[in-house]
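Please look over the chain shown below before reading on. The report that follows takes up its domains, the interface and one annotated region.

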Amino acid sequence: MKRINNSVFVLPLLIGIIHINAQEKKTITLDEAVQLGIQNSKNLKIDAAKIEEATADLLEAKNRQLPEFKISGSYMYLPIEPTIDIKLPGVSTAGGPKVHQVLYGSANLSVPIYSGGRIKYGIQSAKYLVEASKLSTENDKVAIAYNVAEAYNNLFKANQSIKVLEENLSASQKRDETFLKMENNGIIARNDRLKANLQTSNIELQLLEAKNNYNIANINMDLLLGLPENTEIEVDQNYIEEGDEAKPVDFYVNEAKDNRKDLQALAQQRKAAELGTKSAKAENYPSLAFTGGYVAADIPKFLTIYNAVNVGVGVQYNLSNLWKKNSSLQKSQAVEKQLEATNELLDDTIKLQVNKEYQNTDYSKKRITVFEKSAEQANENYRITKNKFDNGLATMTELLDADAAQISANVGVINAKADAALAYRKLLQTTGTLTIK
């Protein structure tokens, strides 16, 4: 007889151990999940870049109020001797020097004094747009917090469904063993025993589906939180107890008006647009600046200029403004109208969202009561039906139907509580008061 190599058994065992260790488990509360989701959000990274862009625009606007100082210089070689004719009395160019090169340099300073308010309005407008970008980021954070909570809720529901189905599968398998003995003893028909086996198979299929949903929900959470995809997240079910006593719907509408970051961001954009209109009107005014300069030139053997310093005041006005329509003003006024209409639309949207989520929250709480009552009835019905079946007063079909109803009702209670907690968070999101710890 051949001796069996122990490595045949050791290798699969090692592979199994490695697989178990590779699946890292991590218990995360909902608040911790929200923090991780915000830290690793790709959308917030885009928002951060937008804030940097708006800040750069503000810096550019501020730079316009600073002095402009430019230095220039040039050197020219003249391969062909130029003709020089000086028109000064008593001065003759005959027999003069030959010019083959020219050196020229200048420095110019310009300090803005008055520009019709364009510089001031530009700086203020840029500040409002920076603030609007920051508020938009805060609004996105609240949305991300809810998205993470929704994913967390889905993971919890999938996990709880697995637990309930595993318990019922274990009970169903034990029942199958009992019915097999009863069939062997001639107490029940084979057909009844097969019906019970079919019920067990159905629970196994439900369990497979629940595990598949759990794996998908777990991968989704890993990606949202920036965790390795092989991390198995264990949720803290205490979050389903979250929620306060409902206040009147008007309270939540007023909360939304005071706290919605998208509404506040839009207000900043409208202020920036108003300043944009003022800046466009200022294009019809002249600009005034203090100017200064220095010029030096050297034409060897002919002319040298240095210490040519000049100071003065420069005025600039585009005369074409007298007959050209101010297109910048028309564009800015159109933007103001768009933002005003957007603000009105957002007001209506917020009222609708708050009322909708208020109703959903109330509905979700009422569902818990109904499901709890349904579960209590289903459990009692199964107990009674089981007693009747044991005493030959109920059919196998009635017993299996009662068992299926019991499973569905118990899972329904858990899902209803989880959905109610999520509905309350959605209500807080629509009011802009969803806290991010």
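How much area do domain 1 and domain 2 bury between them, and what percentage of it is on carbon and sulfur atoms?

## Basis of the model

This is a predicted model, in which local features need pLDDT of at least 70 and side-chain atom pairs count only at pLDDT 80 or more, while totals for chains, interfaces and linings use all residues. Residues are numbered from 1 along each chain as its sequence is written, and side-chain values use heavy atoms, with hydrogens and water left out.

## Two domains

The domain assignment, which is automatic or taken from a database, gives domain 1 as 30-66 + 115-284 + 326-431 and domain 2 as 67-87 + 96-113 + 291-325. Their C-alpha centres are 69 Å apart. Nine residues from domain 1 and seven residues from domain 2 make the contact (heavy atoms within 4.5 Å).

## The interface

Domain 1 and domain 2 bury about 580 Å² between them, with 46% of it on carbon and sulfur atoms; buried area is the accessible area (1.4 Å probe) that two parts lose on being put together, summed over both. On the side of domain 1, Leu 66, Asn 284 and Asn 326 lose the most area to domain 2, and together they account for 61% of what that side buries.

Zero salt bridges are found across this interface (a side-chain nitrogen of Lys or Arg within 4 Å of a carboxyl oxygen of Asp or Glu).

## An annotated region

An unreviewed UniProt entry lists residues 148-211 as "coiled-coil region", and such annotations may be inferred rather than shown by experiment. In the model, residues 148-211 are 92% helix and 0% strand (DSSP runs: H or I of at least four residues for helices, E of at least two for strands), and the end C-alpha atoms lie 20 Å apart.
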